[in-house]
Structures are given as structure tokens and as C-alpha cells.
Amino acid sequence: MEIKNRFDEVFAIEVEGWCYGIQSYPGELFPGLIHAVVRECAPSFKAAVEHNFVFDILELSKRFSRAAKYLVHEKEICFSVLAQLPNPSHLNEDGQFVLAQIVDQVEQKYGGALERLQRKWAWERRQEAA
């Protein structure tokens with residue numbers, strides 16, 4: 001599947017900027033700050049999926065962890081990123097395929113990723129129905 005609009009390059013620049021920002025943060029780093037950065041990246045994660053870009057979630061997590069001087073373990077960051085991914089019911093077939101490939105990276109390395117996401121998505125569906 002072809003990446004649309006060279007989004008992989010845009011994504012790489014954004015990640016580099018966030019890593020620089022974390023490394024250069026003038027105050028004391030703390031886990032909540034790193035998780036806030038991950039939440040700020042949610043629109044980019046969604047855009048990556050919509051542009052058919054299967055980003056390396058494990059490498060992203062490693063880079064954020066390194067930028068934060070390993071204050072937050074890359075596994076924790078990885079699952080935090082997963083929580084920001086779009087709900088597959090809001091994606092077209094291509095988007096669902098891309099999302100599955102991203103989630104599978106975490107499932108292969110750590111396990112339990114799909115189960116957590118399915119619970120989250122079921123909860124979101126119940127909220128939308130209410």
C-alpha cells in the first residue's frame with residue numbers, strides 16, 4: 001500500500017521535533033509530561049493511519065523514552081501510543097489494515113495489546129450509543 005502525500009516524511013519531522021522538545025525541556029521531566037506529549041501526537045497517529053503509513057511504534061516509543069532520559073519505559077510509552085490510535089470503526093478498510101499492522105508490532109513484542117484495545121473500543125462504542 002502506497003503512503004499518501006509523503007506523510008512518512010512529515011511524521012518523521014514531527015517526531016524529531018517532539019524528541020528535541022523533550023530533551024530540551026527547561027524544567028524537570030516527569031512521566032505525566034511524556035504522556036501529555038503522546039496525547040498531543042494523537043492527531044498525527046490518526047493522520048498516519050489515514051495516509052497508509054505504518055509507523056514503527058516500537059522505535060517511536062524507544063525514541064521518546066531516550067529523549068526523556070529513560071524516565072518512562074518504552075513499553076509504557078508504547079501502550080500510551082496505542083491508547084491514542086483511532087477506533088477502527090471510524091476508519092475505512094485501508095485504515096483498518098494499517099492500524100492492524102501498527103497494533104501487531106506491539107502484540108508481537110509485548111502481547112496483550114489487542115485485548116486492551118478491544119476493551120477500549122467496546123467502551124467507546126457503548127459511550128457513542130448512550
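Which residues does Asn52 touch, not counting residues up to four places away in sequence? The first view below gives the list.

This is a predicted model, in which local features need pLDDT of at least 70, side-chain atom pairs count only at pLDDT 80 or more, and totals for chains, interfaces and linings use all residues. Residues are numbered from 1 along each chain as its sequence is written, and side-chain values use heavy atoms, with hydrogens and water left out.

**View 1. Asn52 lies in the loop between helix H3 (42-50) and helix H4 (57-67).** Helices here are DSSP runs (H or I, at least four residues), numbered from the N terminus. Asn52 touches Met1, Glu2, Ile3, Lys4, Asp94 and Val98, leaving out residues up to four places away in sequence. Contact means heavy atoms within 4.5 Å. Asn52 has a relative accessible area of 7%, so it is buried. The classes are buried (under 20% relative accessible area), exposed (over 50%) and partly exposed (in between), with a 1.4 Å probe and protein chains only.

View 2. H7 has 17 residues, which should span 24 Å at 1.5 Å a residue; the end C-alpha atoms are 24 Å apart, in agreement. The expected span is 1.5 Å times one less than the number of residues. Ala113, Leu117, Trp121, Ala122 and Glu124 are buried. The buried residues pack against helix H5 (74-84) and helix H6 (93-109).

**View 3. Helix H2 (residues 31-40) meets H3.** Their axes come within 4 Å and cross at roughly 40°. H2 is therefore oblique to H3. Angles under 35 degrees count as roughly parallel, over 145 as roughly antiparallel, 65 to 115 as roughly perpendicular, and the rest as oblique. Axes are lines fitted to C-alpha atoms, for helices over the stretch in contact, and angles run from 0 to 180 degrees between N-to-C directions. Val38, Arg39 and Glu40 of H2 contact Ala42, Pro43 and Phe45 of H3. The contact residues divide into four nonpolar, no polar and two charged. Ala, Val, Leu, Ile, Met, Phe, Trp, Tyr, Cys and Pro count as nonpolar; Asp, Glu, Lys and Arg as charged; the others, Gly among them, as polar.

**View 4. Asn5 has a positive phi.** The value is near 55°. Asn5 sits in the segment before helix H1 (7-23). With a relative accessible area of 66%, Asn5 is exposed.

Conventions:
Helix = DSSP H or I, 4+ residues; strand = E, 2+ residues; numbered from the N terminus.
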